[in-house]
Amino acid sequence: MLPVKQAEALILSLVNPLSPAQDTEVLDLLSASQRILAAAVTSALDFPHWDNSAMDGYAVRFADVQSCKAEQLATLEIVEEIPAGYQPQQTIQSGQAARILTGAMMPAGADTVVMQERTQRQGDRVTILEAPEFQAFVRQRAAFYQAGTTLLHPGIQLNAPEIAVLAAAQCAQVSVYRRPRVAILSTGSELVAPDQPLQPGQIVDSNQYALAALVQQLGAEPLLLGVIPDEPEALKSAIAQAITTADVVLSSGGVSVGDYDYVDEILATLGAEIHIRAVAIKPGKPLTVATFAAPQARSVLYFGLPGNPVSALVTFWRFVQPALRKLSGLAQGWEPTFIKARTQQDLRSDGKRESYLWGHLQLLDGDYEFRLAGGSHSSGNLINLVQTNALAMLPVGQTAIAAGTEIFVMQVD
Ligand code: AMP
Ligand code: MG
């Protein structure tokens with residue numbers, strides 16, 4: 001059984017990220033929101049585009065006002081009014097000023113802005129009440145960004161700040177990676193779809209929907225292949241179809257050692273290379289990770305997740321999510337976030353595998369606190385997973401942690 005950290009590293013090493021040459025599309029700005037940028041963006045514009053005023057006030061020549069004091073005030077002639085959006089027509093000469101408003105372009109000849117509150121106006125003249133600092137309240141052209149240098153690096157997610165920058169740089173179209181395609185199938189002859197009548201002994205297929213929701217949250221496209229009975233031929237044709245259409249295939253169930261657990265065997269007959277069969281994690285020990293090489297245009301990563309609903313989710317969060325992030329073109333930040341938090345309850349594990357206990361992480365009086373979900377922590381109990389936003393991690397060898405102790409918890413939302 002592979003330790004969790006080693007499994008994580010091995011899985012990440014198996015991921016071929018989408019290609020910036022082939023796996024991209026050009027989208028308008030709003031459609032690109034939350035997508036991953038595929039090519040560097042540079043702008044032909046400086047930011048600010050020109051020297052401009054950070055205040056409502058008067059644009060002046062510093063030399064005219066630098067020695068201004070109570071007994072020797074400077075009075076200047078106002079030669080122009082410059083609102084934002086207007087291009088100044090005059091060059092400010094000695095003894096002159098321009099009325100200027102926030103964001104407006106500085107006139108030639110002026111180098112300093114005196115805020116309105118430090119002036120007194122009489123008709124077309126303004127008296128400066130106090131000497132400003134040289135270049136006060138002038139935002140210099142290119143102080144924030146120089147035209148031609150890299151504005152946005154590829155591999156970042158385009159959230160509101162990046163969309164704002166793209167809009168301001170007049171990049172109305174942007175090249176992003178396509179969404180990864182993730183085929184999802186549920187294996188098990190006992191499974192029925194949520195909208196089908198439930199016969200005695202049957203189990204409703206919840207994994208398909210939970211996994212699809214997680215895939216969607218990561219910005220990938222789920223392809224739902226339905227429930228496949230535990231029959232080798234049916235399973236083989238479903239997996240064969242899945243690998244022709246998807247970048248990643250997720251199946252749940254059928255990877256344990258039961259009489260009807262066929263997944264590993266079928267992967268082998270389809271020519272997959274199996275890299276992982278079990279990981280020392282609880283819940284989620286039976287976890288199969290395999291790759292299909294060419295003749296597909298690109299290799300396909302296969303995750304055979306355990307069937308128990310909690311195990312399927314925990315292994316997705318711990319192993320599939322980082323892989324999908326890397327695949328999507330994200331340049332960094334693939335691994336889950338672990339936060340130090342104080343557990344409010346005693347935590348237990350058999351100590352044999354790295355254990356993950358679900359619950360709720362919250363900030364209380366400036367400290368992160370973890371509250372263990374009430375009810376049974378059986379991997380078959382999905383009911384008390386509701387409102388889970390974190391998993392407490394107990395390392396191998398740790399069998400008991402007392403309430404009030406600081407632990408690492410993995411964020412899952
Ligand atoms: P398996 O790994 O196939 O033996 O499945 C382990 C347990 O998880 C069994 O009780 C299954 O009925 C249950 N299970 C398997 N697949 C699903 C699914 N898609 N949705 C809900 N429960 C499932
Ligand atoms: Mg099964």
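**Close-up views of a predicted model**

Strands here are DSSP E runs of at least two residues, and helices are H or I runs of at least four, numbered from the N terminus; a pair needs at least two DSSP bridges. The model is predicted, with local features shown at pLDDT of at least 70, side-chain atom pairs at 80 or more, and totals for chains, interfaces and linings taken over all residues. Residues count from 1 along each chain as written, chains are lettered from A and ligands numbered from 1 in written order, and side-chain values use heavy atoms, without hydrogens or water.

**β5 also pairs with β9.** Turn now to β9 (residues 125-128), which is antiparallel to β5 and linked to it by four bridges. Look for Ala74, whose bridge partner in β9 is Ile128.

**Ligand 1 sits among 15 residues.** Those that come nearest are Glu190, Ile203, Asp205, Gly254 and Gly307 (a residue is near with a heavy atom within 4 Å). The polar contacts (N or O pairs within 3.5 Å) include one from the side chain of Asp205, with an N or O atom 2.8 Å from a nitrogen of the ligand. Backbone atoms take part too: an N or O atom of Ser206 is 3.1 Å from a ligand nitrogen, and one of Asn308 is 3.2 Å from a ligand oxygen. On its own, ligand 1 exposes 480 Å², and the protein buries 79% of that (Shrake-Rupley, 1.4 Å probe).

**The largest pocket holds about 790 Å³ of space**. Its lining has 44 residues, with Gly307, Asn308, Pro309, Ser311 and Ser379 nearest the centre. Elements giving two or more residues are β13 (181-187), β15 (203-204), α7 (309-327), β23 (347-348) and β24 (354-364). Of these, β24 gives the largest share, at four residues. A pocket is an open set of points on a 1 Å grid over the protein atoms alone that fit a 1.4 Å probe, with protein on both sides within 12 Å along at least five of seven lines; lining residues have an atom within 4 Å of a point. Volume is the space filled by the probe spheres.

**The second largest pocket has a volume of about 610 Å³**. Closest to its centre, out of 28 lining residues, are Gln157, Gln217, Leu218, Gly219 and Arg325. Both α4 (207-217) and α7 supply at least two lining residues, and α7 gives the most, with four.

Technical notes: Polar contact = N/O pair within 3.5 Å; in protein donor to acceptor, adjacent residues only side chain to side chain.
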